[in-house]
Structure formats: structure tokens, C-alpha cells
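Welcome! Here is a short briefing to read alongside the sequence and the 3D view.

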Amino acid sequence: MRTISKSVVPVMLVICSALAFAQNPPATPKTVTEILQRSLTNTEKQFVDAADAMPADKFDFAPTPGEFKGVRTYGQLLKHTAATNMFVAAVLLGEKSPAGGFEGPDDIKGKEAIMKFVRDSFDAAHKAMEKVNKDSAIDQLPNPFNPKGPNVTRMGMSLIFLGHANDEYGQLVEYLRMNNIIPPASRK
């Protein structure tokens, strides 16, 4: 009887926890800003987890077999993504573009510094996303990528955070797998 009791209690705890979660799922976003923030949070989690999965001694890894001449190293991919986040955030916030262009400052080196830059860039992205709402989404901004081209919308610029980071995430996954590392999002 004690053996049955010992196995029933953990099972009941799991069932009760599942029922409690089912009754209180995360709130559905109700505003444009909340929708964008949730999407950015999901992208950030997946990207940062993958970025951090590579050991520090592999941040200089770049594929060599095949047509990979001139591709960025793992660390350079991370810096590029962070620099792009910082650039887009500056545009949305009406601030001066940060130093380092789309490759990031030269003095940011090593896993610890690069990961800090990545995390800071997502903080900047969240701050900038706060400026996007149902009223401001179609605000016209000068096109920072083509000053002579048509303007861009605030919403369009904000979507770069999601599209670009997810594009770079795909490359991180390839680099991780080439190093026999299963990306965190693919682990059981």
C-alpha cells in the first residue's frame, strides 16, 4: 500500500499542476505592442539560448569544407545580429546610429563580452518595440538602408528584429550542429 501511495502522489502532483496551468494560460496579447513584444521575447529566447550553447573556445569557428570562403565566425554572427538590433533600435528611437556599423565594435571580443552585447541588443530592441503601437505602426521613417528610396514604416522597421534574428538563428543552428551540439530548442 505504501508503494502505491508513493507512486500516486507524484502523479497527482503532475496532474494538478497541468490542470492549474490549463486554467491559467499566459494572457493573450491585446495590443500591437504586446504582440510584437511577445514575438520578440520568443525570438530572443531561442537566439540567446543558441548563442550561449557554443563553448567559448569555438566562437572563432567558421565552416571550411565546401563554399564557405569569407563567412562570419560564430562570434561574428552574434556581433552582427546584435549590431543590427542596435541599429534598428536607434532608428526606431530616433537616436544616433551606434559605432561599429553592422559588424559591431571591434573591441567586443570573447564569449562573455559578445553575449553581453547580444543581450544588451535585445534590451534595446524591447525598448524600441515599446514605440510601436496601433497609432504609430504606420508612421513614416526615413529609410536608413536607402536614403534616396521610399520611407519605411515604424512597424516595418520593428519586424527587422524578428526576421533578421531568425535568419541568423538558422546559421547558428548549422554552426552548432557542425560542432556536434544540439541547439537548445531541439533538445528534449
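Ring pairs join Phe59, Phe61, Tyr74 and Tyr175 into a cluster. Two rings of Phe, Tyr or Trp (its six-membered ring) pair if their centres lie within 6.5 Å; planes under 30 degrees apart are stacked, over 60 edge-to-face and the rest tilted. This is a predicted model, in which local features need pLDDT of at least 70 and side-chain atom pairs count only at pLDDT 80 or more, while totals for chains, interfaces and linings use all residues. Residues are numbered from 1 along each chain as its sequence is written, and side-chain values use heavy atoms, leaving out hydrogens and water.

**Aromatic pairs**

- Searching the whole structure turns up seven aromatic pairs.
- In one of them, the ring centres of Phe47 and Phe122 are 5.8 Å apart and the planes meet at 50 degrees, so this pair is tilted.
- It ties together distant parts of the chain, 75 residues apart: Phe47 belongs to helix α2 (residues 32–53) and Phe122 to helix α4 (residues 110–129). Helices here are DSSP runs (H or I, at least four residues) and strands likewise (E, at least two), numbered from the N terminus.
- Phe47 is buried at 1% relative accessible area, and Phe122 is buried at 0%. Buried means under 20%, exposed over 50% and partly exposed in between, using a 1.4 Å probe and protein chains only.
- Phe87 and Phe145 also form a tilted pair, with 5.6 Å from centre to centre and 45 degrees between the planes.
- Here too distant parts of the chain are linked, 58 residues apart: Phe87 is in helix α3 (residues 74–93), and Phe145 is in the loop between β1 (140–141) and β2 (152–153).
- Phe87 counts as buried at 12% relative accessibility, whereas Phe145 is partly exposed at 44%.

**Helices α2 and α5**

- Helix α2 packs with helix α5 (residues 154–178) at an angle of about 20 degrees, their axes 9 Å apart. Axes are lines fitted to C-alpha atoms, for helices over the stretch in contact, and angles run from 0 to 180 degrees between N-to-C directions.
- Among the residues making the contact are Leu36, Phe47 and Ala50 of α2, and Leu159, Leu162 and Tyr169 of α5. Contact means heavy atoms within 4.5 Å.

**His126**

- His126 sits in helix α4 and is buried, with 16% relative accessible area.
- Apart from neighbours within four places in sequence, His126 contacts Gln37, Leu40, Thr41 and Glu44.
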